[in-house]
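Subject: Handing over the structure

Hi,

Here is the structure I promised you. Please open it first, then read my notes below.

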Amino acid sequence: MDITAEETLGASDIGLVTRYSELREEANMPRSIPMAPNNCSLHELPVPSSSTSEMDSLLEDPNNSCMHQLPVTNGDKNSNSGGQDWVTILNRAPLRITRAIKQYMYDENGVEYLDCVNGTAHVGHCHPQVVSTGQSQMAKLVTAQGFVSDILKKYVKQLVETMPEPLSVCYLTNSGSEANDLALRLATSYTEREDVVVVEDGYHGNLGILVDISPKMHSKIPNYKKKENVHITKLPDQFRGKFRYDDEEAGLKYAQEVEKTILAAEAKGRKIAAFICEPMFVIPGVFPTPPSYFKHVYKIVRKHGGLIIADEVQTGVGRTGNHMWGFQNYDIVPDIVTIGKPLGNGHPMGAVICSREVSEKLGGYFSTFGGNPVSCAIGLSVLEIVKNEKLVSSAKMVGKHLQKSLQELQQKHPCLGDVRGVGLVQGLEIVNNKEDRIPDDKLATEIMYSLKQKQVLVGITGRNKNVLLFTPPMCFTIENSRRFAKCLDEVLSANSTRMPLDMRPRSVIVTNKAGRKRPIIEKSENQTMMECDESNDSKKMRISEAEIDHYGDMD
Ligand SMILES: Cc1ncc(COP(=O)(O)O)c(C=O)c1O
């Protein structure tokens with residue numbers, strides 16, 4: 001059974017919350033969505049010109065790689081696996097997800113996994129309201145080519161309303177990459193400069209220019225030569241970096257690193273158009289900063305004539321729990337905000353939001369699919385669900401609960417070096433021990449696979465590939481977080497009697513009395529029962545029918 005944060009923390013709010021599971025009956029009912037024509041066209045089309053509202057005038061300019069290791073395979077041995085070990089692991093533990101609902105995913109055998117990493121399924125996999133809205137709009141009108149639609153206006157209005165002043169102009173795109181590409185165009189047109197400051201190990205998308213501003217990608221491209229207009233500054237890593245948690249001035253000192261980078265560029269005659277980064281540095285391994293960091297950085301960048309681009313592809317639409325947008329955690333307002341993943345709950349959507357002043361210098365923007373009625377209908381339903389199901393406050397409460405459990409585990413397990421994050425974005429840094437803090441990527445991979453055996457999916461991120469990434473759908477509950485912490489505790493405890501990966505047991509599928517399917521562990525070829533008796537997995541070898549029933553009923 002699902003337990004929402006509201007249920008756990010008191011009954012007062014429950015009446016206001018429509019839970020995902022309760023929405024199922026509505027799923028099949030067609031929703032009435034206003035239809036009408038659009039404007040993101042290269043051509044002049046006969047669109048109505050009667051409307052004079054503020055939003056209409058705003059709509060004149062506008063219209064928007066998996067970077068983590070995941071325990072999945074597409075069966076392609078040549079896929080981007082990061083080396084032989086990875087291929088071996090994939091071969092031993094293939095996972096082919098065929099369907100998903102809420103915060104659960106199911107493989108081809110019908111085995112259920114708790115999804116702790118698929119942030120793109122923001123309001124829950126296949127949320128019935130999103131599905132029915134998309135289906136219903138698809139049956140009415142799909143094209144955006146040259147027509148202004150009411151639904152586009154309505155969506156842009158609602159999205160812009162979530163932003164602080166002066167961010168009032170919205171462009172709709174089809175991905176986070178397109179959003180970042182457009183943000184760079186906006187910044188370079190506005191400043192009439194070309195140079196960009198980026199942070200170590202940052203990732204901002206898969207278009208050519210974005211690969212150039214994504215240090216994470218540079219090492220993956222043979223003979224890659226960094227572009228002269230790209231300047232890489234220090235990641236504000238307070239765990240292993242130059243300035244650590246015990247340094248009260250770490251925020252200021254890391255901001256000064258940004259200024260040093262800008263000054264070094266200026267010394268070469270280069271002027272900065274923009275500083276782009278994620279508000280929580282999720283891709284480099286989740287690094288929330290001291291509030292002073294961004295305050296200083298924003299001042300410094302602006303003093304040198306640059307604009308600030310906040311890449312909210314990972315942190316947007318309430319994930320951090322305190323606010324709709326990650327940057328709001330620091331009481332700052334960027335010049336340009338880019339959004340992607342969560343907007344469409346899996347449907348490809350992105351957006352750029354900036355001030356009118358910044359947008360004015362862009363000139364034209366055209367996108368065939370950006371802002372099409374189906375995307376807008378889906379985007380609207382995502383915003384509605386976030387509000388109706390109180391997913392932002394839920395993320396805050398579930399995140400707090402989880403972080404507390406994880407901090408307890410951190411005390412207990414020497415390899416859990418650091419636990420960082422806010423709301424439903426958390427990074428768990430795996431190290432050799434707390435004193436030396438040497439990143440242990442192999443152990444992180446083992447933990448990811450051991451969790452998978454316990455039907456819990458996490459990802460791995462970070463430049464040392466040693467940070468377990470936790471970014472689940474926002475309907476993740478406190479009960480789910482208990483299960484995650486319990487499984488992690490078991491895996492980390494088993495790690496003290498650790499055995500090499502190819503000696504580990506593998507799973508087979510069993511069906512319980514209720515007809516539910518679960519993986520159960522069988523010994524590997526070179527392993528005797530005795531050898532794995534100490535491991536936690538061995539307990540599962542002897543799992544009883546009653547226990548299976550219990551697990552099957554858990555959710
Ligand atoms: C921080 C960040 N920015 C931009 C992107 C690119 O978004 P998309 O894959 O939708 O193009 C990603 C994708 O993972 C991302 O994590």
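How many residues in the shell around the ligand are nonpolar, how many polar and how many charged? There are four nonpolar, nine polar and three charged residues. Ala, Val, Leu, Ile, Met, Phe, Trp, Tyr, Cys and Pro count as nonpolar; Asp, Glu, Lys and Arg count as charged; the others, Gly among them, count as polar.

Two notes before you go on. This is a predicted model: local features need pLDDT of at least 70, side-chain atom pairs count only at pLDDT 80 or more, and totals for chains, interfaces and linings use all residues. Residues are numbered from 1 along each chain as its sequence is written.

**The whole chain**

The protein chain has 17 helices and 17 strands. These are DSSP runs, numbered from the N terminus: helices are H or I with at least four residues, strands are E with at least two. Of the 555 residues in the protein chain, 50% are buried. Buried means that 20 or more other C-beta atoms lie within 10 Å of the residue's own; exposed means 12 or fewer, and partly exposed is in between, with C-beta atoms placed from the backbone.

**The ligand and helix α6**

The shell around the ligand holds 16 residues, and S175, G176, S177, G205 and V313 come nearest. A residue is near a molecule or strand if its C-beta atom, placed from the backbone, lies within 6 Å of it. Helix α6 (residues 176–191) gives the largest share of the shell, three residues.

N180 is also found in α6. N180 is in contact with H204, G205, L210, D311 and T338, leaving aside neighbours within four places in sequence. Contact means that two C-beta atoms, placed from the backbone, lie within 7 Å. N180 and I336 are 156 residues apart in sequence, yet their C-alpha atoms are 9.5 Å apart.

**Helix α9**

The buried residues of α9 are A250, G251, Y254, A255, V258, T261, I262 and A265. Seen down the helix axis, these fall within an arc of 145°, so they line one face of α9. The arc is that of the directions from the helix axis to the C-beta atoms. An α-helix has 3.6 residues a turn, so residues three or four places apart point the same way.

The face turned away from the buried side of α9 carries the exposed residues L263, A264 and A267. What covers the buried residues includes β5 (195–199), β6 (230–233), β7 (272–277) and α10 (291–303). Just after α9, G269 takes a positive phi of about 80°.

**Strands**

β5 and β6 run parallel, joined by four bridges. V196 has V230 in β6 as its bridge partner. In β6, H231 and T233 form the covered face, while V230 and I232 form the uncovered one. In a regular strand the side chains alternate between the two faces of the sheet.

Strands β1 (residues 97–101) and β2 (residues 104–107) pair in the antiparallel sense over four bridges. Two strands pair if DSSP finds at least two bridges between them. I97 has D107 in β2 as its bridge partner. The hairpin of β1 and β2 has two residues between the strands, and K102 there takes a positive phi near 50°.

**Helices α4 and α12**

In helix α4 (residues 128–138), the buried residues are P128, Q129, V130, T133 and Q137. They pack against α12 (373–388). S375 sits in α12. Is S375 buried or exposed? S375 counts as buried because it has 28 C-beta neighbours inside 10 Å. S375 touches G344, H347 and M349, not counting residues up to four places away in sequence. The C-alpha atoms of S375 and T173 are separated by 9.8 Å, though the two are 202 residues apart along the chain.

**Backbone exceptions**

Most residues other than glycine have a negative phi, and most peptide bonds are trans. Check these spots against that:

- E165 and P166 are joined by a cis peptide bond, with omega about 0°. P166 lies in the loop between α5 (150–161) and β4 (167–173).
- K390 is not a glycine but has a positive phi of about 50°. K390 lies in the loop between α12 and α13 (391–412). K390 counts as buried, with 22 C-beta neighbours inside 10 Å.
- K465, also not a glycine, has a positive phi near 50°. K465 lies in the loop between β14 (459–461) and β15 (467–470). K465 is partly exposed, with 19 other C-beta atoms within 10 Å.

Best wishes
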